[in-house]
Amino acid sequence: MSVVDDEDATLRERLTDEPGPALRVFAVVAALVAVEFGALANLVMSLPWDAVGTALPGFVQGVAATLAGVGDALAGLPTLLSRSVIDNAGYQLPSGEWEGTFMGLSPAIAWAIRVVLIYAYGFVWLLVGWWSYLVYRDNYRHANWAPVDDMVGRFRNHSWGLFGLAIIFAFVVLAVFAPALGPTTVDANIADPYLHSIEFYNEETGSVEEMYVGDANGDSQSRGQGGENVGPLSYDQYDRFHPFGTLPSGKDLFTFMAAGARVSLFIGVASLALAGGAAVVFALATAYYKGLVDLGIVITSDSIQAMPQLLVIMLASFVLSGTWLANLYNGGVVLALLFGLTGWPGLWRAVRGPALQVSEREWIDAAKSFGQRPSVTMRKHMLPYVVGYLLIYASLTLGGVIIGVAGLSFLGLGINAPTPEWGRAVSAGQPYVATPSWHISLLPGILIVIVVTGFNALGDGIRDAIDPQSDVDTGQQDQSAAAGGGA
Amino acid sequence: MAADSSRPDADAGTATEAADDRLLEVENLQTVFHTERETIRAVDGISFGIAEGETLGLVGESGSGKSVTARSIMGLVDSPGELLPDSSIRFDGRELTGLSEKQYERVRGGGVAMVFQDPLSTLNPVYTVGNQIEEALSLHRGLSGMDATEKAIELLEDVGIPDAARRVSEYPHEFSGGMRQRAVIAMALACDPDLLICDEPTTALDVTIQAQILELLAELQEEHGLAILFITHDMGVIAEVCDRVAVMYAGEVVEQAPVVELFENPRHPYTRGLLRSIPSTQRGADRLETIEGEVPTPNAPATDCRFAPRCPEAFDACREVHPEPVPVAAETADEGADHSAACLLYPENETRGQAVERHTSEGETTGAGAADSGGDAR
Amino acid sequence: MSRPGPEREATGLAGLDCAPGEALLSVRDLRTYYDSGELIGGQPVKAVDGVSFDVRKGETLGIVGESGCGKTTLGRTLVRLEAATGGEVRVGDDDVTQLSGEDLQAWRRNAQVVFQDPESSLNDRMTVGEIVREPLDVHDWGTPAERRARVRSLLEKVGLQEEHYYRYPHQFSGGQRQRVGIARALALEPEFVVLDEPVSALDVSVQAQILNLLMDLQEELGLTYLFIAHDLSVVEHICDRVAVMYLGNVMELGPTEELFDDPANPYTRALLSAVPEPDPTAEIDRMTLRGTPPSPRDPPTGCPFSTRCPVKIRPDGFEAVDDETWEAIEVFRETLRARGRAERSLSERAREFLGFETRFATVDEVVDELFADRELPGSVREPVERASDLARDGDEDAALEHLRAELGSVCDHEQPTAHGVDATGRESRCHRHDDEYDEPAAVGPSVGDAE
């Protein structure tokens with residue numbers, strides 16, 4: 001741990017004084033970004049376009065289209081872990097060799113290699129994040145110890161929380177790198193199958209032929225009855241590898257799921273940002289001002305909570321279907337808004353308690369006594385204590401939102417075709433559950449369970465990390481016990 | 001769990017009663033707490049006794065281990081805390097340290113009862129006060145129904161709560177602070193204990209209410225012949241209530257004496273410092289005398305004097321030899337005044353070298369210290 | 001001393017610049033009531049109920065009392081943490097309770113608070129340096145570098161070290177945290193500091209350190225302290241003058257030494273006699289007060305101390321009644337008051353209404369027990385019986401009113417005014433200071449250092 005002698009130095013001064021460690025971190029980050037620049041650019045550019053592109057008025061559309069074009073160009077830049085480098089689309093010659101795949105490996109192995117490399121890349125990002133925290137703490141932070149150090153330490157020892165973190169990590173990587181993780185792309189396989197084509201080796205004619213993806217899909221349907229099934233981890237008759245099998249329409253299930261993960265994550269995060277932001281602002285206002293402000297917000301939130309959330313969302317999405325709002329992201333934005341607007345009362349209720357508790361502490365009085373402005377008091381003195389609880393409840397709520405969206409899609413009320421969504425997969429596979437095509441419903445269902453459990457576990461871990469008086473064996477609790485409760 | 005029969009000061013002129021006759025006899029009590037980082041020795045080898053009808057005061061600041069002592073006697077120390085095997089607590093001739101929870105339950109209430117500091121947390125807010133007293137009565141005296149209620153009303157009257165017949169069906173939150181503490185005392189007395197442990201019972205109360213409670217305790221002690229272990233940090237209360245006093249510092253008893261003797265003739269530098277820093281003993285002084293520094297958290301076995309870093313009279317040997325309680329000449333004319341202090345300055349009629357040797361050898365006898373400086377001490 | 005911060009004169013709180021010994025603050029008939037919290041009706045909590053005193057520049061004025069007497073509310077009202085309901089607090093020409101805007105900011109700069117609980121008065125998520133620097137940031141004091149330097153010098157002044165700037169409160173002990181709180185209060189160089197039980201939560205040996213520090217700082221910086229405490233020995237040591245509060249009223253006010261030597265007011269006498277003396281050989285001759293303090297929602301008419309006063313004046317015509325009977329009457333009144341305050345559940349109210357017995361029907365037993373073996377003269381027995389009739393029907397208020405009318409003295413009917421009791425300007429509120437009655441010191445056990 002290096003000690004910076006002049007404690008007066010600001011962060012900038014400290015950085016210029018000892019730039020070494022920081023530069024190393026930046027170098028690694030730059031390298032990571034450069035390697036996958038295209039994929040990351042694709043994510044950044046495509047999401048807003050998907051979400052709001054079609055709704056923009058005419059002239060703005062033109063500007064936006066140019067930006068999108070730029071984005072596409074950037075996305076077209078060569079990236080390391082992409083399908084063009086590690087390709088799994090090819091065909092098998094009678095001699096047993098594979099043509100067109102990465103290094104002649106079978107599509108399954110090529111795909112597996114790409115998946116492993118992408119996850120490794122994601123894991124390196126995690127490590128870099130951890131490393132940069134350590135560098136900051138050891139070199140550039142004034143204080144030798146801060147409360148966040150203890151929290152991080154407690155989280156590191158919390159196995160259930162780490163398990164949750166692992167699952168969420170897997171989920172987020174799936175969502176971020178969806179185009180690269182699937183055996184094919186959404187465009188090629190699901191959205192515009194008749195605009196793309198594949199090559200395959202026709203044994204009858206003994207030559208390589210081309211056909212539309214749509215036709216190939218037609219021959220790879222999973223419909224349960226004898227013979228017509230492409231199960232998990234198997235090839236269809238055109239030598240395409242399907243890690244999760246195919247849908248009744250013949251489209252690849254894994255690609256569908258990966259793209260669906262993006263949608264779920266977007267809706268979850270957007271609705272939580274809305275609900276959580278509103279909840280925090282209201283909770284702080286309630287706790288600081290109390291009285292009438294509290295009364296007003298209580299009445300409002302109770303009114304909203306009195307209505308059954310899912311029914312309201314169904315009703316509202318039905319009413320709004322067909323409007324421009326509903327076309328954004330194929331209903332994704334509407335759902336995000338609705339979940340946010342109906343979800344904030346629950347979150348607010350949850351953080352209202354801790355906020356009120358914090359407002360009773362004497363340091364709030366102290367801040368008032370020397371004339372601190374209410375907004376600054378709320379931000380500096382109350383918010384840090386509320387954020388932890390918000391994270392806990394937000395992680396639980398996120399799981400709930402994902403299930404809710406899946407459920408609505410299952411009923412046909414959520415995300416409309418062709419945007420993929422897990423619930424629609426479950427619904428599509430429903431008639432075939434007891435047949436050899438069980439994978440269509442079961443795999444998305446299991447994934448939903450795993451992801452929601454992961455969020456719950458993460459919430460548990462965060463709660464135990466921020467609250468030292470929890471049941472987890474911690475030194476804090478024992479210290480107070482040893483002191484005999486303070487006497 | 002056999003108690004160490006060779007008591008270190010057996011030959012040094014002990015109390016008027018022989019050791020076994022006292023109601024409570026605590027010997028070499030050691031209670032430790034195991035945390036992730038360290039083991040905290042909250043109580044590190046203390047010995048004292050209480051005779052029937054006597055009031056012993058246990059005084060010390062926060063971190064001295066007095067509350068943990070009380071809980072150890074009551075058997076309320078749970079993991080991660082434990083009593084070390086050498087500890088001995090004998091109540092009414094019976095060894096308590098090895099008892100199971102069920103056996104301990106029989107001792108609690110009927111033998112030893114405890115009054116805690118905060119009546120709000122002792123009383124269950126969802127049950128009426130009468131209900132809680134009746135629960136204690138049914139556990140220990142087998143009373144139930146109307147008998148129990150009548151007895152509960154009687155107990156509430158005994159502790160001076162007016163209008164007891166109405167109050168018995170009220171909830172704790174309807175009582176004021178002083179009333180609540182009276183109700184807690186009534187609960188403690190419900191089973192006619194022989195020893196009452198009071199852990200800072202009046203610290204949270206106003207001074208006029210405190211006066212009422214102290215008066216009440218004195219009355220009850222006389223009526224029921226109670227022995228009381230009174231834990232507090234307030235020297236004024238000690239002076240008023242106690243017959244004998246034990247001063248604790250960092251898990252050890254540093255001085256024990258009858259109360260008049262302690263106030264007139266404090267021997268241990270910590271006791272002296274404590275008495276000097278009380279504002280009421282320093283009327284007219286411009287600046288208060290203080291003890292510099294802070295109370296340490298004992299996390300290693302004591303191999304030296306824990307007070308040495310703050311002691312104005314410390315010398316070199318203090319950092320090497322662990323002081324044991326040794327008898328100290330009494331100045332008051334109390335026969336059998338059993339005044340002992342754990343300090344290398346005593347016994348004052350020996351030279352430093354002899355005193356250090358004595359402490360070292362006694363430390364080795366009880367096995368409490370690991371000092372091996374032997375005769376090389378100065 | 002040169003202050004790079006904003007100048008004080010521009011804001012117009014000229015009253016702060018008076019000479020030492022002159023009145024810095026003049027509190028006149030200050031009242032602070034809290035709303036009952038119920039939407040309809042309900043009685044307000046009269047935390048401070050008509051308080052008047054001066055605070056002289058450079059002195060330490062102690063406010064002493066038990067819980068519920070309003071001393072904390074008084075301190076908070078003076079620094080505008082609570083809004084006063086009535087009365088005024090004068091600083092020169094300005095009334096602190098009415099200030100707003102720039103003037104209020106000026107007052108906030110000059111009146112600071114040190115809080116009681118070191119665990120709760122510092123934000124654990126901020127470093128000590130940030131905590132002490134925050135008042136300077138709020139008032140835009142100097143440049144950032146100057147603020148850091150000032151914080152460092154403050155930390156040293158209160159006995160901490162400069163490198164503690166970047167530590168978190170969690171890493172300090174209670175006494176050290178309290179030092180940080182003191183440093184924060186001194187950051188803006190205030191004139192007036194309210195110390196709200198600053199040492200109550202600390203150990204005895206640490207208390208002494210902090211008290212010494214406070215006294216040193218007062219001398220060095222010329223501060224004026226309002227020292228709120230419930231520990232009388234601490235107050236005796238550090239305060240120049242003391243005000244004793246009970247139920248929102250100042251019962252006695254005067255120089256410390258005289259007040260402790262020879263307290264004039266019965267409440268002060270009871271308070272002092274209740275403090276345990278650290279001298280085992282001293283005889284305990286205590287005036288033990290009966291019962292519990294009344295609720296501030298419903299203070300007694302007349303003298304606030306009348307319900308518990310051990311030397312309460314007897315009404316005319318009842319001198320022959322013996323003390324024990326009179327005591328029994330007072331206990332009866334106290335019991336009725338407690339019943340009046342008791343919560344009646346809905347089912348109990350219904351039963352009462354329908355004439356069934358509830359736990360409140362035991363009035364007769366209470367009366368029997370209190371007055372069992374006594375010969376009550378008619379003048380006493382009639383009011384008692386009438387009152388118990390009223391109480392049996394559930395109307396405690398009427399019973400109390402009847403007893404007050406029949407058996408009440410001047411203490412029950414009139415609020416006492418402040419009487420001067422000696423040459424040092426000490427004042428005390430008690431009817432016994434009127435010439436027609438005996439002084440409290442003449443009635444009851446002797447109390448005080450001089451006796």
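1. A quick word before we start: contact here means heavy atoms within 4.5 Å. Please also keep in mind that this is a predicted model. With that in hand, let me take you to Lys71(C).

2. Is Lys71(C) buried or exposed? The relative accessible area of Lys71(C) is 5%, and buried means under 20%, so Lys71(C) counts as buried. In terms of secondary structure, Lys71(C) is found in helix H1 of chain C.

3. Next, the sheet in chain C. Four strands make up an open sheet in the order E2-E1-E4-E5, and their pairing is antiparallel. Which strands of chain C lie at the edges? They are strand E2 (45-56) and strand E5 (94-95), each of which pairs on one side only. Helix H1, residues 71-78 of chain C, packs on this sheet and touches E1, E2 and E4 of chain C. The direction of helix H1 makes about 120° with that of E1(C).

4. Strand E1 covers residues 23-34 and strand E4 covers residues 86-91. The two run antiparallel and are joined by four bridges. Ser26(C) has Arg90(C) in E4(C) as its bridge partner, while Arg31(C) stands opposite Gly86(C) in E4(C).

5. Besides its bridge with Ser26(C), Arg90(C) has a bridge partner in E5(C), namely Asp95(C). E4(C) and E5(C) pair in the antiparallel sense over two bridges. What do these two strands form? They make a hairpin with two residues between them. In the turn sits Gly92(C), whose phi is positive, at about 65°.

6. Now for the place where chain C meets chain B. Chain C contributes 46 residues to the contact, and chain B contributes 49 residues. The area buried between the two chains is about 4,000 Å², with carbon and sulfur atoms giving 53% of it. How many salt bridges are counted between chain C and chain B? The count is one. You can find it between the side chains of Arg339(C) and Asp163(B), at 2.7 Å from N to O.

7. Chain B itself has twelve helices and 13 strands. Of its 378 residues, 56% are buried. The accessible surface of chain B comes to about 15,200 Å², and carbon and sulfur atoms account for 45% of that. Among contacts in chain B with a separation of 6 or more, 64% link residues 24 or more positions apart.

8. Last, chain A. How many helices and strands does chain A have? There are 20 helices and six strands. Chain A runs to 487 residues, and 48% of them are buried. Its accessible surface comes to about 22,400 Å², of which 66% belongs to carbon and sulfur atoms. For contacts in chain A with a separation of 6 or more, residues 24 or more positions apart make up 69%.

Definitions and conventions:
Residues numbered from 1 in each chain as written. Chains lettered and ligands numbered in written order. Predicted model: local features only at pLDDT ≥ 70, side-chain atom pairs only at ≥ 80, totals over all residues. Heavy atoms only, no water. Pairing = 2+ DSSP bridges. Axes fitted to C-alpha atoms, helices over the stretch in contact; angles between N-to-C directions. Buried < 20%, exposed > 50% of the residue type's maximum accessible area, 1.4 Å probe, protein only. Areas by Shrake-Rupley, 256 points an atom, 1.4 Å probe, with all protein chains shown as cover. Buried area = accessible area lost by both parts, 1.4 Å probe. Salt bridge = Lys/Arg side-chain N within 4 Å of Asp/Glu carboxyl O.
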